[in-house]
Amino acid sequence: MQILVGIKWVPNTSNVRFDPKTGALIREGVPSIVNPHDLDAVEFALDLRDRYGGEVNALSMAPPSAIEGLEQVLGMGVDSAILVSDRIYGGADTLATSYVLAHAVKRISNQRGKLDLVIFGQETIDSSTAHIAAQTASWLDLPYLYYVRSVEIKENGFIAVERWLEDEKTIYDLPLPAVLGVAMKSREPRPVRLIYKIRAKAEKPIEIVTNEILKLNPNCVGLKGSPTWVSKIDYTPEVKRKREVFMDPDAGKAAKWLMQKYADEDINLIGGAHR
Amino acid sequence: MSTEHSTPNASPSTNRFDAIVVGAGPAGSSASFTLARKGFKVLMIDRGRRAGTKNMYGGRVYSEPLEAIFPSLRKDAPVHRWVKAERLSFVSDEGLTSIEYRGGESKSFTTYLPELVNWMRAKAEEAGALVATEVRVDRLVVEKEKVIGVQAGPDTVYADTVIDAEGVNRLLLEGAWQMNVPRQEDLAIGLKETIKLDAERVNQRFGLEDEGMAWILLGSVTRYIPGGAFVYTNRDSVSIGLVLFLSHAVKRTNGHISRLLEDFRLHPKLKHLWRDGELLEYSAKLVPEYWRGFMPRRLSGAGLLVVGDAAGVLLNNGMTIRGVDLAAYSGYLAAETFTKAHAEGDFTSEMLSAYGRRVEESFIGRELRKHNGLEYIRRNPHFFDQYPRLVNSGLGRIFNIGLESPTIWKALRGAQKDVGPDAWTAIKDMYKIGRTL
């Protein structure tokens with residue numbers, strides 16, 4: 001199987017702070033990491049390769065500092081990586097990003113003569129749009145499934161894809177090639193291995209692709225090609241906790257009291273939105 | 001379709017090195033840089049995401065040993081401030097007394113250690129070392145009592161010599177040499193908070209003009225637990241922290257030890273110095289405090305050299321704390337020893353034992369031996385309790401005058417009667433300190 005897996009190099013949002021006055025992200029001193037959900041996708045891809053053979057390549061659109069992140073996934077066992085990097089790609093929204101990625105995917109597919117799967121993480125921790133996989137699939141006109149948990153290769157050139165929604169599990173037959181979004185936290189990413197890391201450093205299997213190579217219309221990429229932008233960031237209003245304690249040895253009474261509280265707050269437990 | 005993806009061929013070019021350095025801290029990076037510059041094939045492994053992320057220290061590096069290893073240090077190292085102000089304070093419930101020295105020349109600087117170590121790592125990489133991060137080495141591979149490589153997960157990589165720069169938690173060494181875990185008495189615990197403060201405020205509040213201050217405080221800042229507190233000014237932040245002798249800290253702290261650091265940060269006489277600052281980071285580290293107890297009986301074996309904290313090359317004499325430069329220089333000496341061994345094609349324990357002698361004969365050995373008498377101070381907790389109080393109580397009597405001022409002798413005598421120690425102990429202590437210093 002020829003598998004391509006998308007990697008986003010993101011600020012570690014667990015450390016990110018906002019400027020309380022401007023609402024802008026404080027990037028200073030915030031280290032970047034590989035989007036954690038993309039590591040699930042890498043694990044997913046490597047597991048497929050372990051079972052069916054083939055190759056896994058990583059693809060990222062990012063500034064050159066992302067090489068560090070690509071070395072991490074190469075350390076996990078990814079065979080090679082492509083870094084699409086050009087100043088004119090900067091400031092891109094999901095549309096402009098997926099446009100570039102789709103062209104990079106096409107180029108790789110042509111180079112290798114074959115590409116079976118393009119795999120993405122479910123979403124990214126810095127923007128959480130979950131757009132990229134769907135948009136890339138649509139630029140490429142390929143079938144796409146999200147919340148994917150597992151894949152089996154079938155005899156007829158199809159794959160059986162298992163997808164879990166909140167209360168159902170569906171198995172789809174998809175023709176190859178296809179685009180998949182892997183359900184986040186569905187996998188435990190394997191650790192980096194020493195010999196893979198040595199190989200990543202010694203053989204430098206990272207190809208840097210600029211717009212001189214992709215030759216995309218500058219109006220379709222980066223800030224210029226982005227019809228959406230973040231106009232303002234607001235804090236979620238803080239919800240004051242109304243801490244109350246009800247003490248009674250009679251559990252039935254306590255339950256009744258609790259149910260009444262829910263009713264007072266207009267919380268509908270039967271609907272089961274929070275399970 | 002094949003059912004198994006095979007492991008890439010661990011070809012001789014990727015699984016065999018002249019030297020493997022475990023740990024990309026100051027000692028490991030210095031060893032790697034020195035070896036790579038000489039053209040050796042070096043692999044440096046670190047378990048952090050990048051070199052330096054596992055490193056922590058108080059805040060000041062003495063530059064001369066580092067300049068001997070990295071000639072371009074003054075030109076391109078990430079120095080925050082060259083230290084030109086030294087302050088020593090005795091703090092107690094009675095007051096705060098400081099001695100301050102300001103000189104023109106500076107031979108030490110403040111910086112963030114991860115930044116400095118990453119710079120050292122970059123130098124090693126530029127020189128040709130291969131650096132593999134995010135990998136934890138699980139054990140030293142020993143064959144016929146010679147270390148022949150390292151194992152990390154399922155992978156084994158081989159070298160003529162392994163340089164162990166794993167740090168104070170020397171699990172690899174304990175495994176290979178069946179060493180005991182270190183004793184509490186030989187260790188200290190360092191705690192630190194980094195507080196962001198713009199450069200102008202740092203300058204104003206500490207009376208600086210872009211130079212650095214190193215400040216040691218003794219007494220109530222550690223709740224009189226043997227050890228001390230420190231403040232270092234960085235470019236646009238201050239590092240504040242405590243170093244506590246572990247055996248005392250274990251006995252005398254209730255609750256979480258970070259409480260002590262919070263008390264220091266909120267100290268009524270000090271807190272204005274970092275007021276409105278933003279807490280960036282909290283960190284803690286074990287310090288190989290007493291080298292005589294902590295240093296392994298030998299610093300090398302067949303195919304193995306031990307450097308940095310793992311080797312216990314750290315000096316704390318109360319006023320001067322040196323770890324990074326000593327560690328780096330031990331890495332440099334290990335690299336020099338390896339070079340000699342390589343020329344002879346001999347990596348036996350006899351050959352590599354030259355490293356231990358080099359350490360002993362270098363300034364590292366001389367410095368460590370010189371300050372050996374400090375053991376006396378360490379073993380007498382009243383140094384950290386009664387003397388800071390004595391100084392402040394005495395000066396309080398001299399400066400807080402009612403109608404009539406006391407003679408200095410009376411003031412000191414009164415203070416001594418108040419807070420101790422008894423006269424005989426004081427005389428004994430003075431004699432010991434005189435001899436030690």
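Helices here are DSSP runs of H or I with at least four residues, numbered from the N terminus. The views below all come from a predicted model.

**View 1. The end of helix α7 in chain A.** Helix α7 of chain A covers residues 251–264. Just past α7(A), look for Asp266(A), which takes a positive phi of about 65°. How many of the 14 residues of α7(A) are buried? The count is 0, so α7(A) is hardly covered, given that a buried residue has 20 or more other C-beta atoms within 10 Å of its own.

**View 2. Where chain A meets chain B.** Here 17 residues of chain A are in contact with 21 residues of chain B. On the chain A side, α1 (36–52), α2 (67–76) and α5 (194–203) each supply at least two of the touching residues. Which helix gives the most to this side? That is α5(A), with 7 residues. Sorted by class, the chain A side has 7 nonpolar, 3 polar and 7 charged residues.

**View 3. Two domains of chain B side by side.** The domain assignment of chain B gives domain 1 (12–78 + 112–182 + 293–375), domain 2 (185–288) and domain 3 (385–436). Taken over C-alpha atoms, the centres of domains 1 and 2 of chain B are 28 Å apart. Between them, 15 residues of domain 1 of chain B are in contact with 18 residues of domain 2 of chain B. The domain 1 side of this meeting divides into 7 nonpolar, 6 polar and 2 charged residues.

Note on methods
Residues are numbered from 1 along each chain as its sequence is written. Chains are lettered from A and ligands numbered from 1 in the order in which they are written. This is a predicted model: local features need pLDDT of at least 70, side-chain atom pairs count only at pLDDT 80 or more; totals for chains, interfaces and linings use all residues. Two residues are in contact if their C-beta atoms, placed from the backbone, lie within 7 Å. Ala, Val, Leu, Ile, Met, Phe, Trp, Tyr, Cys and Pro count as nonpolar, Asp, Glu, Lys and Arg as charged, and the others, Gly among them, as polar. Domain bounds come from an automatic or database domain assignment. The expected span of a helix is 1.5 Å times one less than its number of residues. A residue is buried if 20 or more other C-beta atoms lie within 10 Å of its own, exposed if 12 or fewer, and partly exposed in between; C-beta atoms are placed from the backbone.
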